[in-house]
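Biologist: I am new to reading protein models. Could you walk me through a few features, one at a time?

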Amino acid sequence: MNVLFVLTSHDKLGDTGKKTGFWVEEFASPYYTLLDKGATITIATPKGGAAPIDPSSDSPDAATEATERFNKDAQAKDKIANTKVLADMNPDDFDAVFYPGGHGPLWDLTNDANSVALIEKFDRQEKPIAFVCHAPAVLKDVKNEDGTALVKGKKVTGFSNLEEAAVGLTEVVPLLLEDMLIENGAHYSNADKWAAYAVQDGNLITGQNPASSTLVAEKLIEALKKA
């Protein structure tokens, strides 16, 4: 199992003066779930080099077993500090792609032509494409071969409007994920705020929030077994 993880290079939380990036739990839990099953994981970002960690996700109240394992894992930390350049990645070299969330992807990966082309190629090859929390936002401009939105008519989830309001960032983010998915014709659904919830529709796997990251990873492993 060769799996490509795509992380954000963006670290500014709009005009708030605060930092953002990727959410550690949404990387760490799937990373170890897959690694422990023998997967080889490559990490890429739009700019390459160090991927920014969202400081809020590195706080004690956001800690999980997976984040604590990451904090002690010099090899994983080295990978995060030295990510590959997304433009250099070839979908032919991988069996699946996974996008962790955090607010960072809303700014850079939603508009990244390399990311769009990459997802489209994985999808055409019928390989699993998985996203958690804010990461389904990167599907905004991804199209089917007939030019329709990839998510049109598909069952998806992602960080809900209620959750965005709860973290006080509705007016800060460049787009509301739930609204965008619905506007693009997706069959969006979600569970209660902060509840673990993941949806699979064919090769497309989406999770609602940080608590859903393990569910997404488990669905990804099952999809890889069937591939």
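This is a predicted model: local features need pLDDT of at least 70, side-chain atom pairs count only at pLDDT 80 or more; totals for chains, interfaces and linings use all residues.

Biologist: Which residues of helix 4 are buried, and which strands do they pack against?

Modeller: Buried means under 20% relative accessible area, exposed over 50%, and partly exposed in between (1.4 Å probe, protein chains only). In helix 4 the buried ones are S115, V116, L118, I119, E120, F122 and D123. They pack against strand 1 (2–6), strand 4 (96–99) and strand 5 (129–132).

Biologist: Why is helix 1 described as largely enclosed by the rest of the structure?

Modeller: Because eleven of its twelve residues are buried. Among them are V24, F27, P30 and L34. Helix 1 covers residues 24–35 and reaches 16 Å from its first C-alpha to its last, close to the expected 16 Å.

Biologist: What does T67 touch?

Modeller: Contact means heavy atoms within 4.5 Å. Not counting residues up to four places away in sequence, T67 touches V24, E25, A28 and A62. T67 lies in helix 2 (residues 65–71), and it is buried, at 4% relative accessible area.

Biologist: Which residues have the most contacts inside the largest nonpolar core?

Modeller: A nonpolar core is a set of buried Ala, Val, Leu, Ile, Met, Phe, Trp, Tyr and Cys residues joined through side-chain atoms within 4.5 Å. The largest one here has 66 residues, and F27 and Y99 have the most contacts inside it. Helix 1 gives the most to this core, with six residues. The residues that F27 touches include F5, L7, I43 and P100, leaving aside those up to four places away in sequence.

Biologist: How many aromatic pairs are there?

Modeller: Rings of Phe, Tyr and Trp (its six-membered ring) pair if their centres lie within 6.5 Å; planes under 30 degrees apart count as stacked, over 60 as edge-to-face and the rest as tilted. The structure holds nine such pairs. One of them joins F22 and F27, edge-to-face, at 5.8 Å centre to centre with 70 degrees between the planes. Both F22 and F27 are buried. They belong to one aromatic cluster together with F5, Y31, Y32, F70 and F98.

Biologist: And backbone angles: is C133 buried or exposed, and what is its phi?

Modeller: Most residues other than glycine have a negative phi, and most peptide bonds are trans. C133 has a positive phi, near 65 degrees. C133 lies in the loop between strand 5 and strand 6 (155–156) and is buried, at 2% relative accessibility. W194 also has a positive phi, near 70 degrees, and is found in the loop between strand 7 (187–188) and strand 8 (198–201). W194 is partly exposed, with a relative accessible area of 41%.

Note on methods. Residues are numbered from 1 along each chain as its sequence is written. Side-chain values use heavy atoms; hydrogens and water are left out. Helices (H or I, at least four residues) and strands (E, at least two) are DSSP runs, numbered from the N terminus. The expected span of a helix is 1.5 Å times one less than its number of residues.
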